[in-house]
Amino acid sequence: MMVAFLKKMQIKNTRAPLVFIFLLLGLVAVLAQTIAIREFLVVFSGNEICLGIIFAAWLIGITLGAGVGAFITDRLSWLIELLALLLIVMCFVLPAEIYFIRISRSFLDIPIGQHIPFWSLVAMSLFILVPFSFLLGAIFPVSCKTYSEYGIKKNRNHKSAIRNPNSAISVDPAVQIGWVYIFEALGGLIGGVVFTFFLVERFNAWQIVILTDCFLLAMTFLVLSLSSRRFPRAVLKSVSLLLLVGALVILFSRATDWHNRTIKQRWQILNEKITLRESLDSKYENLAIGEYNEQFTLYANAHPVFSFPDDYTYAPLANFLLTEHPDPKNVLLIGGNEGLIKEMLKHPLDRLDYVQLDPKVIELVSKYLDEESRQVIEKNKRLFTHSVDGRYFVKHTSRKYDLVIVDMPDPSTAMINRFYTLDFFREVKMVLTDNGVVATRSQSAVNYFSEEVGSYLGSLVDTLKQAFRYILVTPGTEAHIFATNAPGTITFDLDILDKRFKARQIKTDHFVSPFSYESNFQLQPELIKFTARSLEERKSSVLNTDLKPVTYFFNLVLWDTITQGGIGRSRSFLQNLSRLKFRWLLMGLIVCLAVRLVYLRLTPRRAMAHQRFNSLLVMFSVGFTGLALELVLLFSFQNIYGYVYQKIGLIIAFFMFGLAIGGYLANKIIMKKERDWGRVLVLIEIMIIIFALTLPVILKLLISESARPFVYAISEYLFICLVAGSGVLTGLVYPVVNKLYLVSSPISDKVGKAAGLVDSADHFGACLGALLTGVIFIPLFGIELTCWFVAGLNLVSLVLLVFDHSGPKLEPGSAISDA
């Protein structure tokens, strides 16, 4: 089957080992990147800023590696041996990377419990991630050169193939680069699916790292089988074989022990005085149980989520939340914990639906509960537990609730921000009874509302006001926010709250009175008035919506301000970015385009150099576009369906599949006949611009009509098609850009240089796309303007291609002679 597949793709059987190697290389890249991201999220208590910086650091390493590889690959003759040596070095760098991530906070002078400042986070990410990703980037041009030269050497009739590009076996360098790109994309597809649906719940991080090393060493052994030099081949084969045996021994005997030891090291750095009782990785996050003075705390990615037993905290909170409704019978709790549930079930409820996305949370916490709490969680017939995304549950439930409690962390990530958007509050309104109440929470302030706190809390409150008529916000560092459309339902009148509680005749060990409400939730009249006045006097805030999730950016600004030295000091980095205007970005694109056009007009004799630069600029733009549109689709899918974590492997797999299909189609076009490749790129750029401008229209329609069953049923498949389509458009460009670069290159520019520079431009664009889109563009400007910027960026490339369209077409055989 594999032989037939290779023949269909016009690849000789002699290069089948290289195909297998490139597939494994794509798989290894995805496994290594995924493990590194998960480990960093624990150490850095990750939010969108952390994710953006981690992705950027990884892609910067690939950019630098591919750039360096571009200038050295064509000068070397021992390519097989160099490829093997790079793979062996990666085997040592990857475990070192994971170890240094786990102990990285010990290098920084940061107190336990404090977030890492922005620039320290940047420096640490670059220091740890760049070495491995640099090697990964350097391997690509070496792989392309090896694949191309090995094919020529093994093809006895390569001279006729050179003279006839339509021959059965094409040795066009652009095609060879395209095949390597396709195989790595397919390997990445396999890696994403294997990790998400198989490895993550069966193996710990160190086992996956050692398994990845085994793949690298197997690739090394396979690569060396192609070498014709006996001495280095024998030495490197022996080394790789010994390392492979050692890695397998470690995998089955020592990997778990190493994992546990480094987990304890990481824990001692993060929580020195707290005893680690248990740690595990679910498919969503790292979970840990810590113990201090006979009290347990659940941590998710190093964030303390809740402590137990802690009845003195949760009993007053449960009573306060439930007495904000005159007579709640059916209650929905999204998030929360066992202490809150136990106290809520003391009220005369008919039903309590508890929604917790990660079933491992319930499983882990249950081990450390006292017998009374365990009985309540496991055997109370009024409690119904749902291991599903909270927003997905709200969309699909047919029940009506008197009270919906959203007990989620602050919206520091786009995932959590979904529970604070206008679209979500409108969905909640649909499942509330006529006098139903929704309760949520947020960071706040007691006596002073800084600009950062005011923007953050104000955005949330103003968003709620668009869905509900009556809003109440408690004073304090943690604000409890209540909203309803029924007058006289929610109140801060202490006597009314006390009367509601006593009418329910609840048996509790905790004293409840008007004074307890006042002291526990700072319901003093002057503080209530101060909080209400501070929010009313502010300028109208930007609404937080699915298409423009601005509140999580305001949360990041607050986080950045605190880590830079506290509120009230000089403006933080992100606070300055929050003043960015979209028109400034458009003006920047126009200025850059104008400067470039003037330069082209003034230097007409450098036409070939201009064409090469423009081809790399196209690749940069498309690299940016690919990551930006993938993030846009992921955000939108998550907002509509609410279960992106279950589907993320599939979504990324379809994007990688699209890349492979696009690359394959481009290769087939190149192999058929010679064309004006600048014109081909112009056509593809037009398709990308149309796709980017059409996408927000489609997403708006899907979001507005998602409540309709038929639209909801088919829209998921449409999303998959959109993801694959964006991948196809991105993949189409890669081989064509390589072709155009080689067409306009002098004889000295060969396969390695072209592959390295194009790959470097692609990943540099992807680096900026990941960082800017997720952290700034989507929250500040929204999905629609983000897509417009993507279209504008590609329009700049399109104009330059059209302006430079007078460049020469490829003479038959000229690209081959460059190789």
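Arg391, Lys395, Glu427 and Asp546 are joined in a network of salt bridges (a side-chain nitrogen of Lys or Arg within 4 Å of a carboxyl oxygen of Asp or Glu). The model is predicted: local features need pLDDT of at least 70, side-chain atom pairs count only at pLDDT 80 or more, and totals for chains, interfaces and linings use all residues. Residues are numbered from 1 along each chain as its sequence is written, and side-chain values use heavy atoms, with hydrogens and water left out.

Glu427 belongs to helix α17 (residues 422–430) and Lys395 to helix α15 (residues 390–396), so the bridge ties together parts that are 32 residues apart in sequence. Helices (H or I, at least four residues) and strands (E, at least two) are DSSP runs, numbered from the N terminus. Glu427 is buried at a relative accessible area of 17%. Lys395 is partly exposed at 24%. Buried means under 20% relative accessible area, exposed over 50%, and partly exposed in between (1.4 Å probe, protein chains only).

The structure holds 18 salt bridges. One of them pairs Glu39 with Arg266 (3.0 Å, N to O). This pair links distant parts of the chain, 227 residues apart: Glu39 in helix α2 (residues 16–43) and Arg266 in helix α10 (residues 255–270). Both Glu39 and Arg266 are buried.

Another salt bridge joins Asp353 and Arg351 (2.8 Å, N to O). Asp353 is buried, with a relative accessible area of 1%. Arg351 lies in strand β6 (residues 351–355) and also counts as buried, at 13% relative accessibility. Residues up to four places away in sequence aside, Arg351 touches Lys329, Asn330, Val331, Arg382, Phe384, His386 and Arg399 (contact: heavy atoms within 4.5 Å).

Thr625 lies in helix α25 (residues 607–641). Its relative accessibility is 3%, so Thr625 counts as buried. Beyond residues up to four places away in sequence, Thr625 touches Ile688, Val790 and Asn794. The C-alpha atoms of Thr625 and Asn794 are separated by 8.1 Å, although the two residues are 169 residues apart along the chain.

Four strands form an open antiparallel sheet in the order β1-β2-β3-β4. Strands pair if DSSP finds at least two bridges between them. β1 (275–281) and β4 (303–308) stand at the edges, each with a single partner strand, so one side of each lacks a neighbour in the sheet. β1 pairs with β2 (residues 286–292) over six bridges, in the antiparallel sense. Ser279 stands opposite Ala288 in β2.
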